[in-house]
Amino acid sequence: MHNYFNKNFILTLILSMIFFLPELFAEEKKTSCCGVISPAGNSLLKFLDESGVEHLWLAHLHVNWETGKPDKKADYKGPGKSTHCSAFAAAMAKRLNIYMLRPPEHGQILLANAQARWFGTHEGIQNGWKSLTNMQEAQKLANEGNFVVATFQSPNPKKPGHIAIIRPAEKTLEQLLLQGPDIIQAGSQNKLSWNVKAGFEHHKDAWPNNIKYFYHSLTKISEPR
């Protein structure tokens, strides 16, 4: 009788594992790889969503770097009208009382390359910037409400690099490995919500290994100006 009950118990246990383990693994796959979005992360999301990036800092117009509004006529043919990823990132940082390399210390032309270099310099570190070792850290810190950027420095100093701001987002590990963190960016396409892989696709060899992540702690969200 004792052996009969033991066999039934083992059989029940095996059947339970067969039926319930797939559900457990499926639930695990849905879990955010980088933590839930904190209240500070939600405040950062609101701030970014109110940036107006989809109709400001538009490519092929010369813009005021802080406001993203055109400051020259539409038929302007001079320099500084290509794309404005670096101006947008710098403008958002300034509104949050965070300094990153920006005009007038560096002009808008090839600014993203200069910013990518600057973050890891003594001056960048003195201004509160820290480098990250991987994109999982980048998404996690953004979810916690920190100001995080993804950067690519072009190996050709005469060609532009790229920079984007990491958006708080709850992603599975599978999504993160396929797409990278979520971003908001100005560039050849201005996007309120995108991902690193898509945002950096025009820069050869950027994704995934040559994109660097940096962050600055954020204690207070100021109102957009």
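## Helix 4 and its surroundings

The buried residues of helix 4 pack against helix 3, helix 5 (122-126), strand 2, strand 3 and strand 6 (212-216). Here, buried means under 20% relative accessible area, exposed means over 50%, and partly exposed is in between (1.4 Å probe, protein chains only). Helices (H or I, at least four residues) and strands (E, at least two) are DSSP runs, numbered from the N terminus. Which residues of helix 4 are buried? They are Leu111, Ala112, Asn113, Ala114, Gln115, Ala116 and Trp118. That's seven of the eight residues in helix 4, so the helix is largely enclosed by the rest of the structure.

A quick word on the ground rules: this is a predicted model, where local features need pLDDT of at least 70, side-chain atom pairs count only at pLDDT 80 or more, and totals for chains, interfaces and linings use all residues. Residues are numbered from 1 along each chain as its sequence is written, and side-chain values use heavy atoms, with hydrogens and water left out.

## The chain as a whole

The chain has eight helices and six strands. Reading from the N terminus, the elements go α-α-α-α-α-β-α-β-β-α-β-β-α-β. Of the 225 residues in the chain, 44% are buried. Contact means heavy atoms within 4.5 Å. Take the contacts between residues at least 6 apart in sequence, and 66% of them join residues at least 24 apart.

## Helix 3 against helix 4

Helix 3 (residues 85-95) and helix 4 (residues 111-118) have axes that come within 8 Å and cross at roughly 50°. That makes helix 3 oblique to helix 4. For the angle classes, under 35 degrees counts as roughly parallel, over 145 as roughly antiparallel, 65 to 115 as roughly perpendicular and the rest as oblique. The axes are lines fitted to C-alpha atoms, for helices over the stretch in contact, and angles run from 0 to 180 degrees between N-to-C directions.

Who meets whom here? On the helix 3 side there are Cys85, Ser86, Ala87 and Ala90, and they meet Leu111, Ala112 and Gln115 in helix 4. The residues of this contact split into five nonpolar, two polar and no charged. In this scheme Ala, Val, Leu, Ile, Met, Phe, Trp, Tyr, Cys and Pro count as nonpolar, Asp, Glu, Lys and Arg as charged, and the others, Gly among them, as polar.

The six strands form an open sheet in the order 1-6-2-3-4-5, with antiparallel pairing. Strand 1 (130-132) and strand 5 (191-195) stand at the edges with a single partner strand each, so one side of each has no neighbour in the sheet. From one strand to the next, the twist averages 35°. Two strands pair if DSSP finds at least two bridges between them.

Strand 3 pairs antiparallel with strand 2 (residues 147-152) over four bridges, and with strand 4 over two bridges, again antiparallel. Ile165 in strand 3 stands opposite Val149, while in strand 4 the bridge partner of Ile165 is Ile184. Ala150 has Ala164 in strand 3 as its bridge partner.

## Ile163 in strand 3

Is strand 3 enclosed or open? Five of its five residues are buried, so strand 3 is largely enclosed by the rest of the structure. Ile163 lies in this strand and counts as buried because its relative accessibility is 1%.

Leaving aside neighbours within four places in sequence, Ile163 is in contact with residues including Cys85, Ser86, Ala112, Gln115, Val149 and Ala150. The C-alpha atoms of Ile163 and His84 are 9.4 Å apart, although 79 residues separate the two along the chain.

## Salt bridges

How many salt bridges are there? The count is five, where a salt bridge is a side-chain nitrogen of Lys or Arg within 4 Å of a carboxyl oxygen of Asp or Glu. One of them joins Lys46 to Glu50, with the closest N and O atoms 2.8 Å apart. Lys46 is partly exposed at 47% relative accessibility, and Glu50 is partly exposed at 39%.

Asp182 and Lys171 also form a salt bridge (2.6 Å, N to O). Asp182 sits in strand 4 (residues 182-185) and Lys171 in the loop between strand 3 (162-166) and helix 7 (173-179), so the pair ties together parts eleven residues apart in sequence. Both Asp182 and Lys171 are buried.
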